[in-house]
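Open the model in a viewer and keep the selection tool at hand.

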Amino acid sequence: METILEARAIKKYYPVRQSLFSRQTDYVKAVDSVDFAIEKGETLGLVGESGCGKSTIVKLLLMLEELSEGEIFSNGKTFADFNAGDLMEYRRTVQVVFQNPYASLNPRMRVGDIISEPLTAIGKPPAPILRKIVDEALTTVGLDPEAASKFPHEFSGGQRQRIAIARALACKPRLIILDEPISSQDVSIQAQLLNLLKDLQEGLDVSLLFIGHDLATVRFISDRIMVMYLGTIVESSDADTICTDPLHPYTKALLAASLPYRPNPERERNVLPGEVPSPLNPPTGCRFHTRCPVAMPHCSHVIPELKEVKPGHRVACLLYEDNM
């Protein structure tokens with residue numbers, strides 16, 4: 001299977017000076033040694049609470065932030081090895097759909113110009129071809145091609161997000177990064193957008209990186225899921241396994257917090273105590289031990305490694321360490 005994108009031990013630390021007159025600098029460890037790969041035609045889900053580092057990973061993949069350490073590979077090359085042509089091709093083949101369509105669409109531009117803007121940035125095609133691409137993109141996401149002549153304010157929130165998806169599709173990408181693309185929509189619109197994305201992924205054979213905080217939603221669209229906590233990956237496996245046989249206590253808590261398919265008064269409650277610790281001063285040992293309901297004494301000082309405990313199922317938890 002072809003690998004579209006691969007991240008190896010990527011880190012992003014933001015320097016923070018303790019005070020105006022202090023020379024000592026601390027670091028916010030937003031992303032701390034994360035590995036993953038996205039294969040051709042698959043959807044990889046990334047789930048975790050707000051502030052865990054998901055959006056920082058998006059910025060790193062879009063080259064909006066520089067890596068502190070680690071490497072990201074595309075087409076066999078790292079970002080550091082890209083020449084001008086490689087960079088242009090990467091910009092074309094990796095597109096993004098942001099969370100808020102009210103902010104990501106320019107209100108002063110017509111929809112047709114919004115969708116064609118990425119194409120003009122990488123080499124403007126002739127006007128007839130450009131119009132055909134715009135019409136096809138709008139049709140693909142379920143909108144009338146006549147929408148191209150209108151402005152974003154003439155559409156609902158769900159329609160605006162479809163326009164944002166159409167803009168991403170216009171460049172015929174290999175990978176689309178979706179940064180919580182449905183969280184600002186109501187439930188019925190969320191379902192429509194999820195079904196649209198699932199159909200697009202299957203019909204166009206495009207890879208998706210779907211980022212969210214609700215495990216049930218991410219499960220619906222993903223082939224594989226990674227669970228992130230405080231800058232690190234704590235568990236990863238195929239979507240069904242993560243949701244039916246979770247191993248990490250944090251994954252179990254996320255699953256318990258997800259909206260169930262059917263109401264069940266006897267459903268297990270798993271409320272985590274406390275707040276997410278600051279990434280400026282994360283806990284020693286396992287970063288989750290301060291909130292973990294099954295924490296052991298050595299969890300406070302031993303850092304668990306992300307290891308494969310079952311075929312294709314990796315978890316970073318001392319409960320599954322053989323020598324503990």
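The stops below are taken one selection at a time, in a model that is predicted.

Begin with S236, which sits in strand β10, residues 232-238. Is S236 buried or exposed? Its relative accessibility is 7%, under the 20% cut-off, so S236 counts as buried. Now show the contacts of S236: leaving aside residues up to four places away in sequence, they are I225, M226, I242, G312, H313 and R314.

Next, turn to the salt bridges, of which the whole structure has 14. Side chains of opposite charge can pair when their charged atoms come close.

Select R131 and D135. Their closest N and O atoms are 2.8 Å apart, forming a salt bridge. Both residues belong to helix α5 (residues 127-140), where four residues, about one turn of the helix, separate them. R131 is partly exposed at 42% relative accessible area, and D135 is partly exposed at 21%.

Move on to R219 and D240, whose side chains form a salt bridge with an N to O distance of 3.7 Å. This pair links distant parts of the chain, 21 residues apart: R219 is in helix α8 (residues 215-221) and D240 in helix α9 (residues 239-244). R219 has a relative accessible area of 24% and is partly exposed; D240, at 48%, is also partly exposed.

Finish with K310 and D245, a salt bridge at 2.7 Å, N to O. K310 counts as partly exposed at 37% relative accessibility, as does D245 at 32%.

Note on methods
Residues numbered from 1 in each chain as written. Predicted model: local features only at pLDDT ≥ 70, side-chain atom pairs only at ≥ 80, totals over all residues. Heavy atoms only, no water. Helix = DSSP H or I, 4+ residues; strand = E, 2+ residues; numbered from the N terminus. Buried < 20%, exposed > 50% of the residue type's maximum accessible area, 1.4 Å probe, protein only. Contact = heavy atoms within 4.5 Å. Salt bridge = Lys/Arg side-chain N within 4 Å of Asp/Glu carboxyl O.
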